[in-house]
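Hello,

Here is the structure I promised to pass on to you. Please have a look at it first, and then read my notes below.

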Amino acid sequence: MRGDVFDPSSLQKQPGADRSGQAFFGLISLAVLAAFVMVGAVFWDVVQGSWDISTSRMWGFVSTSFVSNPDEAGVAQGIRGSLIIAGIVILSFPIGIGAAVYLEEYATDSWTTRLIQVTVRNLAGVPSIVYGLLGLAVFVQTLKGLTGGDSVISGALTLAILVLPIVIITSAEAIRAVPGSYRDGAYGLGATQWETIRTQVLPAAMPGILTGTVLSIARALGEAAPLLVVGAAGYYTTGNNDFLEQMRGAFTALPMNIATFTKEPAAIWRGHAAAASLVLLVLVFLINLVAIIGRARIAKRLGR
Amino acid sequence: MHTTNFRRARLLVILLTVFALFTAACGDDDDTTEADSGSDSTAASAAEEEPAEEEPAEEEPAEEESALEGSIAVSGSSTVFPIVQKQAEEFAAANPGVAISVDGPGSGDGAALFCDGEIPIGNASRAYKDSELETCAANGIEFIEIRRGIDGISVITSANNNAVECVSFSQIYALLSEEATGFDSWADANALLAEMGSTAGELPDASLDIFGPGEESGTFDSFGEIVIEAVAKGKTGLDSEAREFVQTIRPDYTSSGNDNVIIEGIASSDTSFGWVGFAFAKEAEEAGEAKLLGVAYEDGGDCVVPTPETIASAEFPIARFLYTYVNPAMAESDPAVAAFVDYMMSDAGLESVTAVGYIDLAEADQELAQSVWANRITGRSFSG
């Protein structure tokens, strides 16, 4: 790779000629180091805090529910809730990508389009608790007949709306980055607009779109504030409820488990909070891994 | 071609592994529910046998119990949450057909849900306020008030603080009431103490870093009522006619809804001061993070350190009752709700109160609570 592009480090340098450049290089190296140290510190903290649990009964921890006995308590309900949430949040991807295609490919550059774009950007910056209030008003109260009130459906739909602006923005950026020559080439060969988008634009933009969707799933998995507002339960049992009733009944998710653990009086629960954080990190990592593999695959296929 | 196939195969393997992990996680959950109910049913039969042996009067046929279905939602105080969680676990073990959810957002939040008719059972770490019960009345919702335990509120400082061992109510007032707004040294309170006519000793000249629960908390309300209002009304021996006292807590301190955050704050400064529920304070003391201060009701009175015994006997002056409110209409229409409250008030259920760190009611109170529930007496039975 290095052979075909210009490499600035191959230049002959006058000693002391590029002080400010070297200072800048030092600063950005420090920035990278700081990022690594911070991520490492978080990871170390979580691993160390959860050491007792992860070395003695990690399997039991991920396979049992939250009970009051700290030696038996686990996060199975949280994992289940988080996976259901991730599954439902995926529903927002076609909507988000569709909106991005419309905004980038079909919409004319009018003031309404710009207004929509600005609004979407602003929505991405709205604090998550506000989406929680929206979810409370719309899904928990108004649509109670459908969602069952404080249910995993309400929570997941709230998070789906929360990530929608992120999906739209990242997808739009990815579509915008597709060179115009791709489109021109397709049109030149007689393709319609839909054929151009389907066969050229979307495949070329897919790696970027995937990155955005992965980030948004990770975001949805980590959110606790909207779920608190929507009414995730601290403790629940499902009784004889069938799957549909469970979907409309009490629920929890990993961030809620972590929050509940930190509120317990006994110090032993802090280990549970750390272990639940570790489970959440691993879950997000696994989902990221799937998407990274998918992205690399698509990029490779396009490169050929 | 070879490489492509190989790559495809590898990708397939990875995807399958991830899928297997997903389903394993979900499947596990089901397994555990089954395993749970399996082990539960043995625990349940044991639990059923025990009271049956001890008390033949309070019988509940096993077959009927396990056939019980329905769903119960409980919400309210985070202080009461651990008690109800434990009771719910035991009840669910004996009644696998019942779905229970227990939540602890705060006494006030629970009261709002209860009085909107959203939940059949509301917990509170204080009695429901008149303003809250007005909503109940407006919505035509009756309530059965059950007192179910005692929780002490501990006044705490850092484990490293050797300058203070005991505080009197008037000293707490001089440090934490609204009149103390802006005091950032313990010694700032001395002038106020003198003005109040208090004979409690001088407080040391050290930085005053205050940590406590926020306004949404029942612990905040109870502390204000028990300590600040008592001083303001002259109950602790100060002349409340001679000068005007306030009845509110100062606004300028670090507040948190998470008790462990309060404890962390207390541990972070050697001269910290604050208050928190007894169960949390005791854990923090054992972990070496906080010191429980003795409290004297009157200046120069006995200095009492909170222990389960001194709280139960009311020698320790800052204690509050924990309550549960039941909607009688819902208890009548849903046998699962009635059965759960029955279990809460049974001897086996009541053991949860002390098991999670709170203190049993005096026997007379306990019997009254049980009879209030048994006879479905509505209205304020305790707090009136």
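B:Ala314 counts as exposed because its relative accessibility is 58%, where exposed means over 50% relative accessible area, buried means under 20%, and partly exposed lies in between (1.4 Å probe, protein chains only). You will find B:Ala314 in the loop between helix H11 (308–312) and strand S11 (319–326) of chain B; helices (H or I, at least four residues) and strands (E, at least two) are DSSP runs, numbered from the N terminus. The phi of B:Ala314 is near 65°, a positive value in a residue other than glycine. Most residues other than glycine have a negative phi.

B:Arg376 also has a positive phi, near 50°. B:Arg376 sits in the segment after helix H15 (363–374) of chain B, and with a relative accessible area of 33% it is partly exposed.

Before going further, a word on how to read all this. This is a predicted model, in which local features need pLDDT of at least 70 and side-chain atom pairs count only at pLDDT 80 or more, while totals for chains, interfaces and linings use all residues. Residues are numbered from 1 along each chain as its sequence is written, chains are lettered from A and ligands numbered from 1 in the order in which they are written, and side-chain values use heavy atoms, with hydrogens and water left out.

Now to the domains of chain B. The domain assignment gives domain 1 (64–150 + 321–374) and domain 2 (152–319); such bounds come from an automatic or database domain assignment. The C-alpha centres of domain 1 of chain B and domain 2 of chain B are 30 Å apart. Across the boundary, 10 residues of domain 1 of chain B are in contact with 11 residues of domain 2 of chain B, contact meaning heavy atoms within 4.5 Å.

Between them, domain 1 of chain B and domain 2 of chain B bury about 810 Å², with 55% of it on carbon and sulfur atoms. B:Arg126, B:Ile150 and B:Ile359 supply 49% of the area that domain 1 of chain B buries against domain 2 of chain B, more than any other three residues. (Buried area is the accessible area, with a 1.4 Å probe, that two parts lose on being put together, summed over both.)

The two domains of chain B have 2 salt bridges between them, a salt bridge being a side-chain nitrogen of Lys or Arg within 4 Å of a carboxyl oxygen of Asp or Glu. B:Arg126 also forms a salt bridge with B:Asp221, in which the closest N and O atoms are 3.1 Å apart.

Chain A has 15 helices and 1 strand, and its C-alpha atoms fill a box of roughly 65 × 55 × 35 Å along the principal axes. Of the 304 residues in chain A, 43% are buried. Among contacts in chain A between residues at least 6 apart in sequence, 75% join residues at least 24 apart.

One buried residue is A:Thr213, at 7% relative accessibility. A:Thr213 lies in helix H11 (residues 193–222) of chain A and touches A:Phe93 and A:Val167, leaving aside residues up to four places away in sequence.

By contrast, A:Val37 counts as exposed, at 52% relative accessibility. A:Val37 belongs to helix H1 (residues 19–49) of chain A.

Do tell me what you make of it.

Best wishes
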